[in-house]
Amino acid sequence: MKIGETHYRTIWLGEDGWSVEVIDQTLLPHVFEIMRLTTVAAAASAISTMVVRGAPLIGATAAYGMALAAREDASDQALEQAYATLLATRPTAVNLAWALDDMRARLLAVRPDQRLNLAYARAAEVCDDDVATCQAIGRHGSVLIRDAHERKGGADVVNVLTHCNAGWLATVDWGTALAPIYTAHDAGIPVHVWVDETRPRNQGAALTAYELGSHGVPHTVIVDNAGGHLMQHGMVDLCITGTDRTTAHGDVCNKIGTYLKALAAHDNGVPFYVGLPHSTIDWTLGDGVAGIPIEQRDGAEVSHIHGIGEDGQAATVRLVPAGAPVGNYAFDVTPARLVTGLITERGVCPASREGLLGLYPEKAANAA
Ligand code: MRU
């Protein structure tokens, strides 16, 4: 997507042809800065500190992390160590394990002297696949927005509510939840997005608002608790979120607070859709509530908030009494029964085992 006149992906190779460059998302929307990653340790740190974040981008960064590892030492032992280091960065998004398993299997299958070129080539493929996948999610999901527009008589704006950031910054390009919105907007369908601020890290207020604003998509940032009120008053036509892990039975794990939005949507008859690439489906799991590991992060993300003062200086302030205990649960699980449909690169399906296997029949033998 474009920033100003320049087209960016969220991850690319530096001019030297081997270092990996990413946008430092901890500084957005106030500062646009590129970070150069040169070691597997730097790639791991970029994931855990959320310089890069969003399930598909975490996977893509891990793939390039394995390439950086192969550059340092392409032995079996070194690659196993790199795999373990990268896997330990964040527990919830299954794209991380998906990318690492894929890289490890391919690299260990060839001689050490063949691994470096293969690693870079495969990491590039993972990125290109993500772009094509997200574009296809955009095509399929935009039909839902067009249908909502037609249901409203073709005159009114379609109001979509989204939570967290599942836009191009969370993927390599386009996004998952936001791809349908970009596609519909570009096709001339009037769309307005309610952007949940998404405490504690505020990915909605900082990143989704930044993306939508840069692309010219009308939007309004709201506090996380506003969605239910808006739905009760007919101000939301559909919800679309992303996901960090979707089980084979259609349970959806996404940023904390997604479940509450799905409950409110269910209560108000508002369709609740989830956009996801194939790499976000965990075919080994059925029950998401019981089976998906939920990341718990540093309490400082809850007790403190980052921003920029009127003087233009970045600032961090504490919100809670000094020493107050805080909990920082980063994700929650929305049961499949609350999800109207899953928007994948292969089409839209019911959030169920049958629905997913209808689109991915080749997974039938291994699906939970
Ligand atoms: O903690 P984050 O910012 O990595 O969480 C991101 C989300 O929850 C996204 O909605 C999800 O990864 C889908 S991204 C296309």
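Let's start with the largest nonpolar core. It has 75 residues, and Ile11, Ile145 and Ile181 touch the most other members. By nonpolar core I mean a set of buried Ala, Val, Leu, Ile, Met, Phe, Trp, Tyr and Cys residues joined through side-chain atoms within 4.5 Å. Buried is under 20% relative accessible area, exposed is over 50%, and partly exposed lies in between, with a 1.4 Å probe and protein chains only. Helix α2, residues 55-72, gives this core its largest share, twelve residues. Helices here are DSSP runs of H or I, at least four residues, and strands are runs of E, at least two, numbered from the N terminus. The core draws at least three residues from each of domain 1 (2-128) and domain 2 (136-363).

A word on the source. This is a predicted model: local features need pLDDT of at least 70, side-chain atom pairs count only at pLDDT 80 or more, and totals for chains, interfaces and linings use all residues. Residues are numbered from 1 along each chain as its sequence is written, and side-chain values use heavy atoms, without hydrogens and water.

Take Ile181. What does Ile181 touch, not counting residues up to four places away in sequence? Ile145, Val160, Val191, Val193, Leu212 and Val217. Contact means heavy atoms within 4.5 Å. There is also a second, separate core of 30 residues, which includes Ile281, Ala336, Leu342 and Leu359.

Now the domains. Their bounds come from an automatic or database domain assignment. The centres of domain 1 and domain 2, over C-alpha atoms, are 24 Å apart. About 2600 Å² is buried between the two, and carbon and sulfur atoms give 59% of that. Buried area is the accessible area, with a 1.4 Å probe, that two parts lose on being put together, summed over both. On the domain 1 side, Arg53, Thr92 and Val94 lose the most, together 24% of what that side buries.

How many salt bridges cross this interface? The rule finds one. A salt bridge needs a side-chain nitrogen of Lys or Arg within 4 Å of a carboxyl oxygen of Asp or Glu. Glu295 and Arg90 meet in a salt bridge, at 2.8 Å from N to O.

Last, Asn95. This residue is in helix α4. Beyond its neighbours within four places in sequence, Asn95 contacts Ala55, Pro56, Gly59, Asp244, Pro277, Ser279 and Thr280.
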